[in-house]
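Visitor: Please display the structure, and let us then discuss a few of its side chains.

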Amino acid sequence: MNVFRILSIFFAVVSTLLSLTGCDKHTVYHSYQHISSQGWNNRDTLIFIIDTIQENATYNFSLELRSTGLYPYQNIWLAIERRFYPDILCYDTVECHLTTPTTLRNGKGIYMYQHKTPLSSMQLRNRQTGQVSVIHLMQKEVIVGIHDIGLLVCRSDSTMFSQIAPSIDTKKDKKKDRESPQR
């Protein structure tokens, strides 16, 4: 074997390894929690623990959900509580559309379907820790067909995330509310 061929193989292996281990530097947290095949009880709370935030910034949140064809409804309602210590608490109620009105599955996949739902962004500070809790709000006590629930948290300057989760400017919204005509 000549030196050129050995170097080519070496660089190909190193490039492959680097591409497999590389990650988005803006992703702060990305994790899934598995739902039992027996179903998700409305009393079962999924809790995501977010370790220490490393810098003051605006962070985008996205709820991720994997469903199967066993899920019998077109949508799912979820309650989300985001708590960052010592002083930030945010409640969200989210409707995730899993099928179209003609029962075509939304999301990507063949057997399991991947769905992403953006949540509002949050200003977080260095050294804050957090917890995100998720429960389903469906009328049926136990629902089947939901395989995993995930949470993605990215710094807002991430171009990967900005395409799917635009931030919500609450200061701008409050200003518009003040400008509305009085009766």
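Guide: Arg 43 is exposed, at a relative accessible area of 60% (buried means under 20%, exposed over 50%, partly exposed in between, with a 1.4 Å probe and protein chains only). This is a predicted model, in which local features need pLDDT of at least 70 and side-chain atom pairs count only at pLDDT 80 or more, while totals for chains, interfaces and linings use all residues. Residues are numbered from 1 along each chain as its sequence is written, and side-chain values use heavy atoms, with hydrogens and water left out.

Visitor: Which side chain meets that of Arg 43 in a salt bridge?

Guide: A salt bridge requires a side-chain nitrogen of Lys or Arg within 4 Å of a carboxyl oxygen of Asp or Glu. For Arg 43 the N to O distance is 2.7 Å, and the partner is Glu 141. The pair links distant parts of the chain, 98 residues apart.

Visitor: Is Arg 155 buried or exposed?

Guide: The side chain of Arg 155 forms a salt bridge with Glu 55 at 3.4 Å, N to O. Glu 55 lies in the loop between β3 and β4 (57–68) and Arg 155 in strand β10 (residues 146–155), so the pair ties together parts 100 residues apart in sequence (strands are DSSP runs of E, at least two residues, numbered from the N terminus). Glu 55 is partly exposed, at 36%. With a relative accessible area of 15%, Arg 155 is buried.

Visitor: How many salt bridges does the structure hold?

Guide: Another pair is Arg 82 with Asp 92, at 2.7 Å, N to O. Both Arg 82 and Asp 92 are buried. For the structure, the number of salt bridges is 7.

Conventions
Helices (H or I, at least four residues) and strands (E, at least two) are DSSP runs, numbered from the N terminus.
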